[in-house]
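Work through the exercises below with the sequence and the 3D view side by side. Try each task before reading its solution.

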Amino acid sequence: MRRELPVAAALAAALAAAPAAHATLAYVKGARAGKPVVWVAGDDGLSPRALVAGGQSPKVSPDGTQVAFVSGTRSARLQVIPVAGGPARTLAHHVWNYDAIQWSPDGTVLSVTTGPELGPYTLRLVTVATGRAVSLRSGAFYGVSFSPAGAGLVFSRAARETFPVRADLYTTSLTGGSLRRITRDHNATSPVWGPDRIAFDRARPATRRGDYDKLDIYSLKPDGTGLRRITHTQPRFLLAGLSPLAWSADGTRLAAEYGGQDTSEAWRVNPQTGYATDATGSFDGVVGWGISRDGSALLATTGYFDSPDGSVVAIAWDGGAQTVLARKATQPSWSR
């Protein structure tokens, strides 16, 4: 990793929006045999081909031209490779919390958390073209999301790992602004920045011994005002409830995940009305990974969480019809 630079110097020049090139799907095959390979295809699943061996948790850039992925385990590296092929470049070492790896909307910056195995971790922003990194804050992290316009970042952070989690939301401007804490009740995780509001989780304590705390989705404005509860669920014993996953570009649809013991189910949420339902209509092991920008389709996998024998599917938002995009594949990401 190269030496760290001030936020403004390292990132301000990189935030000009890049035009979308084409829609790409990435996923992993071979995980059961311990020999994972990142594959790419069109977002319709056509023309699949192996891209890089040994990679996991691929994340397609917004313009569909690059894939970020993790290689290794205890000394995991964040690497980036062109979809067209070629050598992979390493941007960070000692990577943890793979969900924190996110692309900025213009594809010039990646967020990543690094550190020793047991923490504390450091949230960094890495400029893809140069590998230059900016450290934002250290601690324990529970979700990272860029603003759709690309000039801001929100993350959930606690000073240390505890159970239950006691984390708050922070925002920062990528053009040199200071960090701003926008919640103070130590009960905010899994932030997802939408066009107007930030969706996140709040937990209410379990009432039965041995049960999970219960999660519902809330939202607030990026300045921390206008707190509003979106969903009102009643998860059964050993089920936790809903976490936000991704917004449609217009903010009218919100993909979510319903979690708990041996449970991870794709759900769809209307953020205006609070209506929330399973994406397929039943608890059937279909796991959510994302939503198309126009909100017409959810990206999901069948066969329960991270099953190497399941399929990558697109699920129609209205009606739940499934289209298989890749078989015996998992960990999908797309730029649709």
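Two strands pair if DSSP finds at least two bridges between them. Helices (H or I, at least four residues) and strands (E, at least two) are DSSP runs, numbered from the N terminus. This is a predicted model: local features need pLDDT of at least 70, side-chain atom pairs count only at pLDDT 80 or more, and totals for chains, interfaces and linings use all residues. Residues are numbered from 1 along each chain as its sequence is written, and side-chain values use heavy atoms, with hydrogens and water left out.

**Exercise 1. Find the neighbours of strand S13.**

Task: Which way do S13 and S14 run, and how many bridges join them?

Solution. 
- Start with S14. S13 and S14 run antiparallel, joined by six bridges.
- Pick out one bridge. Val154 has Thr171 in S14 as its partner.
- Turn to the other neighbour. Strand S12 (residues 133-146) pairs with S13 over five bridges, also in the antiparallel sense.
- Check one position there. Phe141 is opposite Arg157 in S13.
- Look at the turn. The hairpin of S12 and S13 has five residues between the strands, and Gly150 in this hairpin takes a positive phi near 90 degrees.

**Exercise 2. Judge how covered S13 is.**

Task: How many residues of S13 are buried?

Solution. 
- Set the cut-offs. Buried means under 20% relative accessible area, exposed over 50%, partly exposed in between (1.4 Å probe, protein chains only).
- Count. Seven of the seven residues in S13 are buried.

**Exercise 3. Sort the aromatic pairs.**

Task: What kind of pair do Phe155 and Tyr170 form?

Solution. 
- Set the rule. Rings of Phe, Tyr and Trp (its six-membered ring) pair if their centres lie within 6.5 Å; planes under 30 degrees apart count as stacked, over 60 as edge-to-face and the rest as tilted.
- Note the total. The structure has seven aromatic pairs.
- Classify. Phe155 and Tyr170 are stacked, at 5.6 Å centre to centre and 10 degrees between the planes.
- Phe155 is in strand S13 (residues 152-158) and Tyr170 in strand S14 (residues 168-173), 15 residues apart.
- Check burial. Phe155 has 0% relative accessibility, so Phe155 counts as buried. Tyr170 is at 8%, so Tyr170 counts as buried too.
- Compare a second pair. Trp267 and Phe283 are edge-to-face, with 6.4 Å centre to centre and 80 degrees between the planes.
- Trp267 is in strand S22 (residues 263-269) and Phe283 in the loop between strand S23 (276-278) and strand S24 (287-291), so parts 16 residues apart in sequence are tied together.
- Check burial again. Trp267 is buried at 11% relative accessibility, whereas Phe283 is partly exposed at 37%.
- Phe141, Phe155 and Tyr170 are linked into a cluster by ring pairs.

**Exercise 4. Find charges over rings.**

Task: Over which ring does the charged end of Arg236 sit?

Solution. 
- Apply the test. A charge sits over a ring if NZ of Lys or CZ of Arg is within 6 Å of the ring centre and within 35 degrees of the ring normal.
- Arg236 sits over the ring of Phe283, 5.9 Å from its centre.
- Arg208 lies over the face of Phe237, 4.2 Å from the ring centre.
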